[in-house]
Amino acid sequence: MHDLWTRCNNCRRILYKQDILDNQSICPACNFHFRLSAYERLEMLFDEGLYNLLDQNISPEDPLQFKDSIKYSQRLKENQKRTKLQDAVLNAEGTIEGIKVVISAMDFGFMGGSMGSVVGEKITRAVELALKERLPLIIVSCSGGARMQEGVFSLMQLMKTSSAIARLDKAGIPFISILVDPTTGGVTASFAMLGDINIGEPNALIGFAGPRVIEQTIKEKLPKGFQRAEFLLQHGMLDDVVDRNNMRSYLVRALRLFLNRPE
Amino acid sequence: MSEEKDFYKLEKEIILFEEKIKEIQSSEENNKKEKIARLKKEIEKEWARIKPELTPSHIVQIARHPKRPYTLDYLDYLTEDFMEIHGDRRAGDDPAIVAGLGFYKGRTVAFIGHQKGRTTRERIERNFGQPNPEGYRKALRVMKLAEKFGFPIVTLIDTPGAYPGIRAEEQGQAEAIANNLKEISKLRIPVVNVVIGEGGSGGALAIGVGDAILMLEYSFYSVISPEGCAAILWKDQKAVTQAAENLKIGAKDLLDMGIIDKIISEPPGGAHVDYEQIFKNVDRHLNPTLKKLELRSPEERLEERYQKFRKIGVFSE
């Protein structure tokens, strides 16, 4: 019973789990987009759900010997065990409707999708591969921001990734940035906002500062829909809000247009 | 650990000496020089006692000291004919970032820096040095201007962070920062960053990266404020001390980690105790750094700048 049914985070309806899974993890009743793991994301985007994983052997270290309630090294081990990931991003190569692309997909399940050295390095390598092979790049961002436990190493990943994107930009290779719930902090303030087009999933929280921080600073309640994808679209920060069900067809259209490849 | 002494208590004696120096300086007494020299010796002695005890959270307090010299103080000393340039030509002018052109050692240099206020009114006006998107866009505008005319850029970093506000989000705080990073990586002229106080996260980074990063001895550069880190990871505001220690945000840590290029030493008691001395120290390091970069070709600088950040990160493979 427990495994078969779940409750939608948004409309609170009790739903049959398989119905959600069959609908790309979207609530059939209210269109709420459940969070996807990086693996699920790659499977959803690539043709037949098939892809080659890249840069798989890059693993995090604990350069600061950081310790809060538990050691960072311990936290890493727990997250690795739970998510079957080395860190918060997967790089992969494959095709979308036959078009060869490089995709980086972030995973919120691994320490809130935070960007430390590994995420910064893998994003940079994905960019450099796209540059070398002249392949379009897609990054699916899902992150609370820079990883505190790696201190200033994390902060500098913003510059590292943005510098790499600048080279891709100059080479005229398309980069589509997909921002899903939530994308905040250092990831928004670097590569995620630097796409040739930036698109969001419905109702995704996207911003620089987190809503709680803003609320505590200004001591006011935030307006409804603030920092949601639709709000960003309205304020000129996104090119579109795209349902997960339409994501692949949207990407195919965008890729064909950018590559100047009519059917 | 949160019981440790506040820096303001530690420096009490030094401040008394410093006030006396100022008193003598503005007086008509005889033997001014001698008296001041003697007081400075006293400050040195007191500082030699305090210095070994300084913790990371003390350094944070020095970096945020209300008397610490700010960007405009430095520009006043370093430049001639500084001309401030206002506005991003899009949405407004952000008083939390000052930018403009000035002569420095016989050439035009573009200066950009965070600016905090000294009085309560000024602080509010300057938004406590927390920029909005138009501040970053103004900074970028001036960087492009510098590039167009071939002027080097010097930035001065001193911010708690980018402002977390409703309008800031609406106007694209994240986009403004991201775009600056991308554009800085492409600038064909030398870019030197000097961290003079607080290097608060992305809000500092957006004008705080380039070919060389110099840091004042008691400044810091961090991914998050120790307070923010304590609140999130320790869920306890009192854990600021532990957070500051764990984050390794001091100049020496950052030099050891290969993030910054040079530490600029501060006078005994910290920069706020002797403005003239810290200005001289900054001056002494800034010009050679610029000169060295000016000898490189734009292509060399671009490649070296890329590699500088490309290499940052610790992981195994």
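**Close-up views of a predicted two-chain model**

View 1. With a relative accessibility of 8%, B:Glu169 counts as buried; buried means under 20% relative accessible area, exposed over 50%, and partly exposed in between (1.4 Å probe, protein chains only). B:Glu169 and B:Pro133 are 36 residues apart in sequence, and their C-alpha atoms are 8.4 Å apart in space. The model is predicted, so that local features need pLDDT of at least 70 and side-chain atom pairs count only at pLDDT 80 or more, whereas totals for chains, interfaces and linings use all residues. Residues are numbered from 1 along each chain as its sequence is written, chains are lettered from A and ligands numbered from 1 in the order in which they are written, and side-chain values use heavy atoms, with hydrogens and water left out.

**View 2. The salt bridge between A:Asp87 and A:Arg147.** The two side chains meet at 2.6 Å, N to O, a salt bridge being a side-chain nitrogen of Lys or Arg within 4 Å of a carboxyl oxygen of Asp or Glu. Because A:Asp87 lies in the loop between α3 (72–83) and β5 (89–96) of chain A, and A:Arg147 in the loop between β7 (137–143) and α5 (151–171) of chain A, the pair ties together parts that are 60 residues apart in sequence. A:Asp87 is buried at a relative accessible area of 1%, and A:Arg147 is likewise buried, at 0%.

**View 3. The salt bridge between A:Lys160 and A:Glu121.** The closest N and O atoms of this pair are 2.8 Å apart. The bridge links distant parts of the chain, with A:Lys160 in helix α5 of chain A and A:Glu121 in helix α4 (residues 117–133) of chain A, 39 residues apart. Both A:Lys160 and A:Glu121 are buried.

**View 4. The salt bridge between B:Lys35 and B:Glu29.** In chain B, the closest N and O atoms of B:Lys35 and B:Glu29 are 2.6 Å apart. B:Lys35 is partly exposed, with a relative accessible area of 27%, and B:Glu29 is also partly exposed, at 35%.

**View 5. Packing of helices α2 and α3 of chain B.** The axes of helix α2 (residues 12–25) and helix α3 (residues 32–50) of chain B come within 9 Å and cross at roughly 165 degrees; axes are lines fitted to C-alpha atoms, for helices over the stretch in contact, and angles run from 0 to 180 degrees between N-to-C directions. This crossing makes α2(B) roughly antiparallel to α3(B), a term for angles over 145 degrees, while those under 35 count as roughly parallel, 65 to 115 as roughly perpendicular and the rest as oblique.

**View 6. Backbone features at A:Pro182, A:Lys84 and B:Ser201.** A cis peptide bond, with omega about -15 degrees, joins A:Asp181 to A:Pro182, and A:Pro182 lies in strand β8 (residues 175–183) of chain A. A:Lys84, although not a glycine, has a positive phi of about 60 degrees; A:Lys84 is placed in the loop between α3 and β5 of chain A and counts as exposed at 63% relative accessibility. B:Ser201, also not a glycine, has a positive phi of about 55 degrees and is found in helix α10 (residues 201–205) of chain B.

Definitions and conventions
Helix = DSSP H or I, 4+ residues; strand = E, 2+ residues; numbered from the N terminus.
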